[in-house]
Amino acid sequence: MSDDSSAADAGADLPDGVERRTFGGRERFSTRGARVYGEPVDADGWRAWDAGRSKLGAMLELGMDTGLVGGESVLYLGAASGTTVSHVADFAGPTYAVEFAPRPVRDLVGVAEDRDNLFPLLKDARDPESYAHVVESGIDCLVMDVATRGQATVAVRNRQFLADDGRLLMAVKARSEDVTAEPDDVFDDVLAELDSAYELLETARLDRFHADHLGIVARPK
Ligand code: SAM
């Protein structure tokens, strides 16, 4: 696995539409949009982005260089009920949100009612052909948080949607691959499989916010 020690201090640029603001005396990342999960909203309509409930939020909080600038097209895999993808849609362009469990998708549809650029898809991310007719090609950013076995395989299969200069932003949950294995061994296996389709740019353990998770930034090969 690559060295992750520099990520926390790197202090990457923030995308347009993401700001550091003070909530309850503490500076936090925030985006501007309708409230989704009971998060604090300030007088200007900025919603605190809870890194403890969002792997992408944790990646930003740890200073990973996501390459996000704001306004990009996004394919988000593992959207659940929309906690993180709601923040993404607040600053991104068209945001396709794939989730295969019907119950959270019902909530996600409600989140999308307040966001014209958010498109929920009740689909299985292991079967990208099932949404290839909906999702545009040349997507700028593929965000992944599927927490299921075979996370690298899902990333490789969905490479087809990404622009050649696009980014993969991925959170890997070690325990979803193997509950008994050492997380570092799981991460090594995931990175080895990703190598067939992606060039690794940065990794960082997300444990400060999410136990046994690895954040990955990569670009297509
Ligand atoms: N990303 C969400 C957030 O931050 O708000 C949380 C995602 S949760 C950790 C993982 C989600 O991935 C679950 O809702 C699960 O149903 C979904 N998932 C797992 N495997 C999937 C698959 N093959 N296709 C689509 N969704 C999947």
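A polar contact here means a pair of N or O atoms within 3.5 Å of each other. Keep that cut-off in mind for this tour of a predicted model.

Start by selecting the ligand. Its space is the largest pocket. Now show the 19 residues around the ligand; Y76, G78, T84, E99 and D145 come nearest. Colour that shell by class and you'll get 8 nonpolar, 4 polar and 7 charged residues.

At F100, a polar backbone atom sits 3.3 Å from a nitrogen atom of the ligand. Hop over to A125, where a polar backbone atom is 2.8 Å from a ligand nitrogen. Then click V146: one of its backbone N or O atoms is 3.2 Å from an oxygen atom of the ligand. Switch to a surface view here, as the protein covers 86% of the 600 Å² of accessible area that the ligand has on its own.

Now for the record. Select T83, T84, E99, F100, D124, A125, D145, V146, A147 and T148, which an unreviewed UniProt entry annotates as "binding site".

Note on methods. Residues numbered from 1 in each chain as written. Predicted model: local features only at pLDDT ≥ 70, side-chain atom pairs only at ≥ 80, totals over all residues. Heavy atoms only, no water. Near = heavy atom within 4 Å. Polar contact = N/O pair within 3.5 Å; in protein donor to acceptor, adjacent residues only side chain to side chain. Areas by Shrake-Rupley, 256 points an atom, 1.4 Å probe, with all protein chains shown as cover. 1 Å grid on protein atoms, 1.4 Å probe; cavity = no way out; pocket = protein on both sides within 12 Å on 5 of 7 lines; lining within 4 Å. Sits in = over half its atoms within 2 Å of the grid points. Nonpolar A, V, L, I, M, F, W, Y, C, P; charged D, E, K, R; others polar. UniProt positions renumbered as here; feature names shortened; annotations may be inferred.
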